[in-house]
Amino acid sequence: MSAETLTFQAEVAKLLDIVVNALYSQREIFLRELISNASDACDKLRYAALTEPALIAGDADLRITLRLDKDAKTLTIADNGIGMDRDDLINNLGTIARSGTAEFLKGLGGDARKDVSQIGQFGVGFYSAFMVASQVEVHTRKAGGEHGWCWSSDGKGGFTITEDADAPRGARIVLHLKDDAAEFLDVWRLRQVVKTYSDHIGLPVVLLGGEDGTGADETLNQASALWTRSRSEVTEEQYKEFYHHVGHAYDDPWLTVHYRAEGAIEYTGLLFIPTQKPFDLFQPDRKQHVKLYVNRVFITDDCDGLLPPYLRFVRGVVDSADLPLNVSREMLQHNPVLAKIKTGLVKRILSDLKKKAEDTDAYAAFWGTFGAVLKEGLYEDFERRDDLLALARFHSTHGDGLVSLEDYVSRMKDGQDAIYFITGESVAALRKSPQLEGYLAKGVEVLLLTDPIDEFWTGHGLRWKEKAFESVAQGAAKLDAIKAEEQAETPEQAPADQTDALIALLKGTLGERVKDVRVSSRLTASACCLVADEGQMSIHLERLLRQHQG
Ligand code: ADP
Ligand code: MG
């Protein structure tokens with residue numbers, strides 16, 4: 001069969017243009033991306049072989065190899081993983097714009113001099129090969145496939161696909177290095193890059209034939225899954241690189257949780273909370289992202305039974321020997337062992353968060369990033385409600401910082417039996433609400449809630465330490481029972497007959513547009529304010545929903 005020439009989809013071509021011209025200081029990350037793909041490919045094969053052992057038979061020692069050829073100026077990265085067939089090559093390497101490509105380009109703003117080191121986050125890591133190579137060949141055969149293929153490209157607009165009858169199972173990526181990328185023909189440099197970025201990979205990364213291709217093989221990484229090592233053996237740097245690999249993220253982990261659960265059900269968890277928001281945090285599927293392994297065999301990264309949606313920002317792996325190896329992804333949905341692991345994970349994450357909350361500033365940063373997501377748990381996870389309320393932080397009329405409910409309750413006034421809040425678009429705007437006046441005059445603190453999610457959980461009858469949450473913009477103000485602060489002046493009351501006449505006039509004028517007009521103790525300086533009726537949708541929620549409908 002002759003070579004077939006195809007063109008890159010427009011977005012990919014644009015991406016390549018940026019990658020090729022990227023800042024040179026970051027070029028070494030191409031190796032991280034290709035090794036990461038090779039490792040993923042081996043994970044996929046191991047999983048597929050659980051149900052179809054023939055796929056792996058004859059070549060069951062999965063590994064990643066590097067080979068140098070100084071004369072030809074090539075660096076070859078090969079694996080004996082799942083491989084690709086012709087359709088896979090076309091779909092994965094060149095024509096289909098996955099949503100990540102657009103996000104990545106948007107982040108760069110079309111500026112080639114910006115940071116491309118985050119490329120892997122957007123599912124386009126493969127293309128980083130073109131930072132160092134003028135020509136890239138992928139020789140590959142899919143496990144179980146009849147014959148192999150060769151994909152080849154100079155990264156400038158298109159690629160060719162030809163049959164490659166001899167290609168063994170897996171993928172062999174040959175990089176024809178650019179003249180100015182000769183440093184990657186240096187063993188010392190390869191050792192350093194692999195050690196830095198890929199030491200945590202569970203499979204051996206072997207340099208075949210050493211420096212000149214004829215010497216002894218050399219394994220460049222530790223080749224044991226990072227989570228199986230004990231905490232004292234793992235450095236911060238290694239945790240970080242593993243997080244980058246497993247989380248497809250390139251910030252620093254804000255929190256690392258590594259532990260082994262022992263007892264009725266045993267498992268190891270190595271979990272990370274990112275510093276920055278992942279770009280897909282608010283996608284409607286609310287998918288969780290922790291990878292599940294059974295006895296070091298990768299099973300899935302798409303298992304909703306592992307963590308609840310309100311912890312979807314967590315990254316990492318969970319490995320248990322107590323799940324059957326042949327567990328299918330479908331079976332996992334109702335697996336009782338998995339349900340117990342999930343309970344354990346949630347408990348552990350929340351209790352570690354509680355510890356971190358003692359560091360007020362660091363915790364405020366976390367809360368600003370993920371608080372709105374965690375709050376979804378307030379109405380979704382009945383059992384963890386109190387833990388979640390204890391972890392929640394709010395803006396309030398008490399100072400500029402964030403407050404906890406613990407703080408709030410300790411400041412409650414004599415006669416106050418509820419936790420007051422108001423919802424709206426911004427803290428600054430809420431601080432000016434007329435609905436707050438009566439409360440402020442009596443020194444009663446009010447929480448200022450600005451996340452859309454706040455409309456939902458506050459309407460669920462939750463209580464904290466027996467105290468209900470009550471909106472100051474809803475129903476009648478119950479301020480009479482609360483003792484005023486000494487210095488607060490009680491506003492002068494107009495004679496009853498005058499207010500009655502005013503109310504009659506207002507009702508007559510506003511007619512159908514209002515349900516009622518009442519005298520209220522919630523105002524001190526303003527003449528009037530809008531409130532929603534008890535048990536009705538809040539005014540802010542009504543506005544949100546109207547915006548949503550466009
Ligand atoms: P990502 O790894 O985030 O999916 P990449 O651009 O790194 O994005 O890779 C794109 C896709 O190409 C992978 O999802 C995979 O399907 C395929 N691929 C890349 N390298 C290999 C390989 N060594 N073996 C098999 N498939 C591969
Ligand atoms: Mg990749």
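**Terms put to the test**

Reply: Just after α15, G511 has a positive phi of about 55°. This is a predicted model: local features need pLDDT of at least 70, side-chain atom pairs count only at pLDDT 80 or more, and totals for chains, interfaces and linings use all residues. Residues are numbered from 1 along each chain as its sequence is written, while chains are lettered from A and ligands numbered from 1 in the order in which they are written.

Me: What makes a run of residues a helix or a strand, and how many are in the chain?

Reply: Both are DSSP runs, numbered from the N terminus: helices are H or I with at least four residues, strands are E with at least two. By that rule the chain has 16 helices and 20 strands.

Me: Why is α15 said to lie largely in the open?

Reply: A residue is buried if 20 or more other C-beta atoms lie within 10 Å of its own, exposed if 12 or fewer, and partly exposed in between; C-beta atoms are placed from the backbone. Of the 15 residues of α15, the number buried is zero, so the helix lies largely in the open.

Me: What makes strand β7 mostly covered?

Reply: Seven of the eight residues of β7 (residues 170–177) are buried. Across the chain, buried residues make up 37% of the 550 residues.

Me: How do you know which strands pair with β7?

Reply: Two strands pair if DSSP finds at least two bridges between them. Strand β3 (residues 74–79) has six bridges to β7 and runs antiparallel to it. Strand β4 (residues 133–141) has eight bridges to β7, also antiparallel. I173 of β7 is the bridge partner of I77 and of V138.

Me: What makes β10 and β13 edge strands?

Reply: They belong to an open sheet of five strands, in the order β10-β11-β14-β12-β13, with mixed pairing. Strands β10 (253–261) and β13 (297–300) each pair on one side only. The partner of β13 is β12 (residues 289–294), antiparallel over three bridges. One of those bridges joins L292 to T300 of β13.
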